[in-house]
Amino acid sequence: MSSKSEFIADAVADMIAGGQLEGKLPSETELATRFGTTKMTAGKALNALQERGLIVRIPKSGSYVRQAETRTVRIYPRYYLLPQLLGKLEKLHPGVKFEVVDDIDEADGMVFASTIPFDYGEYFLPWPKARLEKIKAWQRLHPYIFNFHTVRDVCYGIPYQYSPILLAWNKDLMRQVDPEFTSETLTWEKFIGLLRRSEGPGFDFSNFGRTFLLNIIYSLSKSGTLDEALFANAVKMLGEVSNFKFGGGDFAKGTALFMLMSRGNFKNMKLPFEIGITATPEIGGHRTCHSASETLFVSNRARNPELMFDIAESVLSPSIQKTIASGWAFPADASMLNTARLNRQDPFWTETENIIFLNRLMNGEGVVTLSHDSRRLFRGEISHDEFVVNIGKHLRRCQELKRRREYILNEHRLAGVGI
């Protein structure tokens, strides 16, 4: 839980970022009066702001907003929200100017969404453990936020916003297929039945198509062993949709019954028909959902890694999280989410607790393999059988590595070596 001095420091930082405070800041006495605390606590808050590089304290003169030399930070913003936040981030980091670049190799920081289609260590620096523990100690962020991009206990990124991916359905088409349809407890069997009765392409795979396969895998893994047979079963279930020509159609043009959608799509997509939102189908009594997210990663080519980690940390600050919560996205800050929840009553909020992450199922190499091969599967570059064989090879390798690791750990224990 944040201390009183940290609360004051965050509040003053927000005012600096918002342009409400410039030049000389209120004295310790004035801050103590404003925030109902002691002069000593106010002094600690000002010291914390100086450590963050936001202010300069001059003895017998006062505290002043820092006027730093301009430093250029190159950002590769592949996704949507961060470009809207850059102006606010520049106010939080005096003297920093952001430059948008198109080449990943030139970037100090990179924004990616959801599953990373390559090995994290290939491009990103891991978060320093001391900094990570400090952020966890805030106790403001959802605990599962730290799982999104953690591989073998190494965290490469912390999302600043996210959204569950749910199933949108065309209400006009549904009235023709099943006038009595209700979105509560949609099972896999009922889902397939609706696609059969739609008599044509019923599932638009163009948006989060791979996510549908991941949902099947996640749900099956809750009641089974993650092995080659499970992946074969998942691909077979996917075939129930695609092989029967139920996959296809254009949801935006009203020629598909279903499409996967994040809350950002739901908020911004303008359609000529009314849509409903429901959870993805329940499989074997279990329901899970994948998540779209945005994360600012620190490049392993960053010219000033410490500054980039400062910026990545500030995206999680109260002022930035408040901005995110006021829009369509889900903030990483739990308190901001609870405030926003009052104004947004839709299924996305309740499905947050059903999110499951790839790193719970396999290691970082497996995440890359599954992401890469599922993309090739949906593009028609490999067959269902080839997909299963590729994943099976990886799983067997993972199991062998796991056995070796357990053997090594046991040998250390037997030798009395502390680990």
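Where is Gln 139 found? I began my notebook with that question, and here is what I looked up.

**Entry 1: a residue in a loop**

I am working with a predicted model, so every value here is computed. Gln 139 sits in the loop between α6 and β6 (150–151). I checked its backbone next: phi of Gln 139 is near 60 degrees, which is a positive value in a residue other than glycine. Is Gln 139 buried or exposed? It has a relative accessible area of 57%, and exposed means over 50%, so Gln 139 counts as exposed.

**Entry 2: the chain as a whole**

I stepped back to look at the whole protein chain. I found 17 helices and 14 strands in it. The chain has 419 residues, and buried residues make up 52% of them. I also looked up how far apart in sequence the contacting residues are. Of the contacts with a separation of 6 or more, 73% are between residues 24 or more positions apart.

**Entry 3: α6 beside α12**

I went back to α6, which covers residues 129–138. Two packed helices are described by the angle between their axes and the distance between the axes. Helix α6 packs with helix α12 (residues 305–314) at an angle of about 15 degrees, and the axes are 12 Å apart. That angle makes α6 roughly parallel to α12, because angles under 35 degrees count that way. The crossing of α6 past α12 is right-handed.

Which residues of α6 meet α12? I noted Arg 131, Lys 134, Ile 135 and Trp 138 on the α6 side, and they meet Glu 306, Phe 309, Asp 310 and Glu 313 in α12. Sorted by class, this contact has five charged residues, three nonpolar ones and no polar ones.

**Entry 4: α1 and its two partners**

Next I turned to helix α1 (residues 4–17) and helix α2 (residues 28–35). Their axes come within 12 Å and cross at roughly 100 degrees. α1 and α2 are therefore roughly perpendicular to each other. From α1, the contact is made by Lys 4, Phe 7, Ile 8, Ala 11, Val 12 and Met 15; from α2, by Leu 31, Arg 34 and Phe 35. I sorted these residues too: seven are nonpolar, two are charged and none is polar.

α1 also packs with helix α4 (residues 82–92). Here the axes come within 8 Å and cross at roughly 120 degrees. α1 passes α4 in a right-handed crossing. On the α1 side I found Ala 13, Ile 16 and Ala 17, which meet Lys 88, Lys 91 and Leu 92 in α4. Four residues of this contact are nonpolar, two are charged and none is polar.

Ser 5 is in helix α1. With a relative accessible area of 13%, Ser 5 is buried. Leaving aside neighbours within four places in sequence, I found Ser 5 in contact with Thr 41, Lys 44 and Ala 45. I also looked at Asn 47: it is 42 residues from Ser 5 in sequence, and the two are 9.4 Å apart in space, C-alpha to C-alpha.

Leu 85 has its place in helix α4. Is Leu 85 buried or exposed? Its relative accessibility is 2%, so Leu 85 counts as buried. Beyond its neighbours within four places in sequence, Leu 85 is in contact with Tyr 160, Ile 320, Thr 323 and Ile 324. Leu 85 and Thr 323 are 238 residues apart in sequence, yet 8.3 Å apart in space, C-alpha to C-alpha.

Ser 219 is in helix α9 (residues 209–221). Ser 219 is buried, with a relative accessible area of 2%. Not counting residues up to four places away in sequence, Ser 219 touches Ile 283, His 286, Arg 287 and Thr 288.

**Entry 5: the nonpolar cores**

I ended with the cores. In soluble globular proteins, nonpolar side chains tend to be buried together. How many residues does the largest nonpolar core have? I noted 52, and those with the most contacts inside it are Leu 82, Leu 89, Ile 158, Tyr 160, Leu 296 and Ile 311. I looked up Leu 82 in particular. Not counting residues up to four places away in sequence, Leu 82 touches Ile 75, Leu 89, Val 111, Tyr 160, Glu 294 and Leu 296. Apart from this core lies another, of 35 residues, among them Leu 186, Ile 192, Phe 205 and Leu 377.

Technical notes: Residues numbered from 1 in each chain as written. Predicted model: local features only at pLDDT ≥ 70, side-chain atom pairs only at ≥ 80, totals over all residues. Heavy atoms only, no water. Axes fitted to C-alpha atoms, helices over the stretch in contact; angles between N-to-C directions. Helix = DSSP H or I, 4+ residues; strand = E, 2+ residues; numbered from the N terminus. Parallel < 35°, antiparallel > 145°, perpendicular 65-115°, else oblique. Left-handed = near helix turned anticlockwise from the far one by under 90°. Contact = heavy atoms within 4.5 Å. Nonpolar A, V, L, I, M, F, W, Y, C, P; charged D, E, K, R; others polar. Core = buried A, V, L, I, M, F, W, Y, C linked by side-chain atoms within 4.5 Å. Buried < 20%, exposed > 50% of the residue type's maximum accessible area, 1.4 Å probe, protein only.
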